[in-house]
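Here's a quick briefing on the structure below, written for someone who likes to know the cut-offs. Have a look at the model, then come back for the notes.

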Amino acid sequence: MAKSLSKAPKMHARFKSPSDRLFDTFNIIFMICLMIVTLYPFLNTLAVSLNTANDSIKGGIYLLPREFTWENYKYVFEEATIFHATLISALRTVIGTVLSVFCCTMVAYTIARPEYVLRKFISIAFILTMYFSGGLIPNFLLIRELGMMNSFWVYIIPGLIGVFNVIIIRSFIEKLPEGILESARIDGAGEFTTFLRVVLPLCLPVIATVSLFSAVAQWNSWFDVFLYNSSNVNLSTLQYELMKILQNSNTSLNSGNDYASMFSGSEAAINRVTPTSIRATMTIVASVPIILVYPFLQKYFVQGMTLGGVKG
């Protein structure tokens, strides 16, 4: 009797009502359509980057290249500074993300504590910075006066505290059981020990979420390189170098120069590059590293957004 009762829910789950089956069918169709709409722009860009530039001008390329070639990638990676710039981008992404997330978590923990008397004032002051700023020129003058021009730390220090990230982490910390923090204090742990050994391990989901935000922002950033380190080739980043390649290709096209002249007398003259093909190639080169990282953070990303972004 007990066995038959235990099997009842499983047998009931097998037989779905027509409305449930209809919902599942439409749900699967909708998700497939959504996946196609999401993946198509990326696959189309990949196909254009792997297609000969002259043939791409004709259009009609969708998911697969019509005339396969590596010429676009060869042109991009022939730049002497591209690999060093990739290393700088990786360093600023790793160091900037780790330091920014750690500092944001510390600030969020501080303003999340009800006994901190300035928590409301600090929160309002932070939120105001999301809507008002000094502008580009005051920021430039500030960086210059701080002596961070032509320095690697100009990529790290100005963006240590992200207000949006602080708000997400604070919302997550406020939902932590107060009893856990109280038990740590009873055991003799100070605030910093409580933060490192109790709060940080419990905040892993939201930390993964914020880390992804920070890493993408650091990896895609190039304007700060243009403003503060454009004269220092050793501190140039991948995004800035790719931007210069695209700018050069546009300039050469507008001036009437033909890229085939760069490869005169060689087989590469057949496969000329164009701004469109270079733009597609740059998009793939810049996107692939973040795409490879995302699957490892997806579980924490969804959990962190759910728990940190919804007030309970």
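This is a predicted model: local features need pLDDT of at least 70, side-chain atom pairs count only at pLDDT 80 or more; totals for chains, interfaces and linings use all residues.

**Surface, salt bridges and cores**

Residues are numbered from 1 along each chain as its sequence is written, and side-chain values use heavy atoms, with hydrogens and water left out.

**Overall picture**

- The protein chain has 14 helices and 0 strands (DSSP runs numbered from the N terminus: helices are H or I with at least four residues, strands are E with at least two).
- Buried residues account for 35% of the 312 residues in the protein chain (buried is under 20% relative accessible area, exposed is over 50%, partly exposed is in between, with a 1.4 Å probe and protein chains only).
- Take the contacts in the protein chain with a separation of 6 or more: 72% of them come from residues 24 or more positions apart (contact means heavy atoms within 4.5 Å).

**Back to the patch**

- I28 counts as exposed because its relative accessibility is 52%.

**Salt bridges**

- The count is 10 salt bridges, each being a side-chain nitrogen of Lys or Arg within 4 Å of a carboxyl oxygen of Asp or Glu.
- E115 and R113 pair through their side chains at 3.3 Å, N to O; R113 is buried at 6% relative accessible area, while E115 is partly exposed at 47%.
- E115 also has a salt bridge to R185, with the closest N and O atoms 3.8 Å apart.
- R185 lies in helix α9 (residues 178-186) and E115 in the loop between α5 (82-112) and α6 (119-131), so this pair ties together parts 70 residues apart in sequence.
- R185 is partly exposed, with 22% relative accessible area.
- E174 and R119 form a salt bridge too, at 3.5 Å, N to O. That pair links distant parts of the chain, with E174 in helix α8 (residues 163-174) and R119 in helix α6, 55 residues apart.
- E174 is partly exposed, at 31% relative accessible area.
- Through shared partners, salt bridges join R113, E115, E178, E182, R185 and E191 into one network.

**Nonpolar cores**

- The largest nonpolar core has 22 residues, of which I169, I173, V199, C203 and V206 touch the most other members (a core is a set of buried Ala, Val, Leu, Ile, Met, Phe, Trp, Tyr and Cys residues joined through side-chain atoms within 4.5 Å).
- At least two residues of this core come from each of α5, α8, α9, α10 (191-202) and α11 (204-220), and α5 gives the most, with 6 residues.
- Another core lies apart from that one, with 17 residues, among them L238, L246, V273 and I290.
- Leaving aside neighbours within four places in sequence, I169 is in contact with C104, T105, A108, V206 and V210.
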